[in-house]
Amino acid sequence: MKYYVRTYGCQMNVADSDEMGRHLQARGLIPTEDPEEASVLLVNTCTVRQHAEDRAFSEVGRLKKWKARQSGRKLVVTGCAAERTKAYLENRFPHIDLVIGAKAIEDFGRAVEGLLERRETDEDLEYAIPMSGDRVSAFVTIMRGCNYSCTYCIVPFVRGRESYHPMEHILSEVRDRVAEGAREITLLGQTVNSYHRDGARGRGTDFADLLENAGKVDGVERLRFMSPHPHYMTDRVIDAIAAVPEACEAVHLPVQSGSDAMLKKMLRNYTREEYLALAGKMRKAMPGMTISTDVILGFPGETVEDFRQTLSLIREAQFDWGFIFKYSAREGTPAAAWESYPEGLIEERHQECMAVFEEVSRLKRAALLGTEQEVLIEEENTGRTRTNYKVSVEGNVATGEIVRVRITNSDRATLTAVLADRQKQTEGLEA
Ligand code: SF4
């Protein structure tokens, strides 16, 4: 029997989908890329923006026909939108077999057990040997939930307060992913660097300890983490990133706004100046590192001056790239009660902001032209540098291989490169 997973939203959801997939594989199901081959279909939803939720729900609606085409098919809806709207989903779409909210993902194994037991009586069951994953780069969730209350964010409502997985449990998961072929591990959490576990006696463990220990796992070549919160980016954490050889020189540090007034209204718990000081500190500790970010545009009350502050921060912080989110009010959050800007105005700011990000990142990419980089090949001749640039490599390379390349074109976000040794050989022949 096969299963298919459709994932909406962030890396936490991708990691949850992987985890649910492993539960299904442990029960003998095998993954498929084709929903028509699947007997179990999971829709892992996102509720961070209305658009993501709408897309997931219309997909769930369309799946009524998928389910009707073959008897015994099971439809499971999970994730943040499932948490927020469980009752609505069950009433509106009676063809759903199971709704599991984000807070209950850890109970997925048990919940699905019941579902599959019911399924075992069907005649068309065709169990297969469990497959292990073959991803070069794997996610490992280290914590769930968030103790912050950013005024625009639905996450604390749907994922609850922070809870941290025990270090041993995390390290054993890292070892499992490496055994399945991973060479790069991304530690995941909503505010990943707030990770800590209290010790029974004396000092417990924190994110810096975790980085150090995960880096020591045999076979881990690269370590990344998503998404840190500026408040927890302490000197200790920065020192650990700089000291652990496997920790990559790339940090995605969401800033959300360059205006102190907006940061305060968003309850982000840092100022523009503090953020910039942090970026400076990280670059000093790891010269050549990349810093990327997220910004929200059109947050209620964002004046033209606030918006200009965000644009100037992008230039000042010299972000290597950034993701722009057009503000989307989420029912139940404090900001949803505040007056929103019209979509047209938010779109205008979006266009302008994209141009500024591109202006800064184009120069950063241009500086890479002709440099040698180490690329981990993730699939079909495409991989990433340690600094997290995507690179398309010319030549004969295998997935999972780490190669030295020379960047030959940096006009686009995906760089192109040739194998460094190969280029030297060709130059030798031409000389
Ligand atoms: S830190 Fe803020 S934006 Fe991030 S998940 Fe928590 S509440 Fe949401």
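Before I start, a reminder to myself: two strands pair if DSSP finds at least two bridges between them. I also keep in mind that this is a predicted model.

**Entry 1: the barrel**

I began with the bridge partner of Glu379, and in β17 that partner is Thr382. Stepping back to the two strands, I found that β16 (residues 372–379) and β17 (residues 382–385) run antiparallel and are joined by 4 bridges. Both belong to a closed barrel of 5 strands, in the order β16-β17-β18-β20-β19, where the pairing is mixed. From one strand to the next, the twist averages 55 degrees.

**Entry 2: the open sheet**

Next I looked up the open sheet, which has 5 strands in the order β2-β1-β3-β4-β5 and parallel pairing. Which strands are at the edges? They are β2 (30–31) and β5 (98–101), each of which pairs on one side only. I followed β5 to β4 (residues 74–79): these two strands run parallel, with 4 bridges between them. In one of the pairs I noted, Gly79 has Gly101 in β5 as its bridge partner. Helix α2 (residues 50–68) packs on this sheet and touches β1 (2–7), β3 (40–45) and β4. I wrote down the angle too: the direction of α2 makes about 165 degrees with that of β3.

**Entry 3: the core**

How many residues does the largest nonpolar core have? I found 102, and those with the most contacts inside it are Val40, Val140, Ile142, Ile185, Leu187 and Leu211. Helix α8 (residues 207–215) gives this core its largest share, 5 residues. Neighbours within four places in sequence aside, Leu187 is in contact with Val140, Ile142, Val192, Leu210, Ala214 and Phe225.

**Entry 4: Thr293**

Then I went to Thr293, which is found in strand β14 (residues 290–297). Is Thr293 buried or exposed? The cut-off for buried is 20 or more other C-beta atoms within 10 Å. Thr293 has 24 C-beta neighbours inside 10 Å, so I count Thr293 as buried. Not counting residues up to four places away in sequence, I see Thr293 touching His252, Leu253, Pro254, Val255, Phe319 and Gly322. I also checked Thr293 against His169: they are 124 residues apart along the chain, and their C-alpha atoms are separated by 30 Å.

**Entry 5: the ligand**

Last, I listed the residues around the ligand, among them Cys146, Cys150, Cys153, Tyr148 and His229. Also on my list are Ser149, Val155, Pro156, Gln190 and Thr191. By type, the shell divides into 6 nonpolar and 4 polar residues, with no charged ones.

Key. Residues numbered from 1 in each chain as written. Predicted model: local features only at pLDDT ≥ 70, side-chain atom pairs only at ≥ 80, totals over all residues. Axes fitted to C-alpha atoms, helices over the stretch in contact; angles between N-to-C directions. Near = placed C-beta within 6 Å. Nonpolar A, V, L, I, M, F, W, Y, C, P; charged D, E, K, R; others polar. Buried ≥ 20, exposed ≤ 12 C-beta atoms within 10 Å, placed from the backbone. Contact = placed C-beta atoms within 7 Å. Core = buried A, V, L, I, M, F, W, Y, C linked by C-beta atoms within 7 Å.
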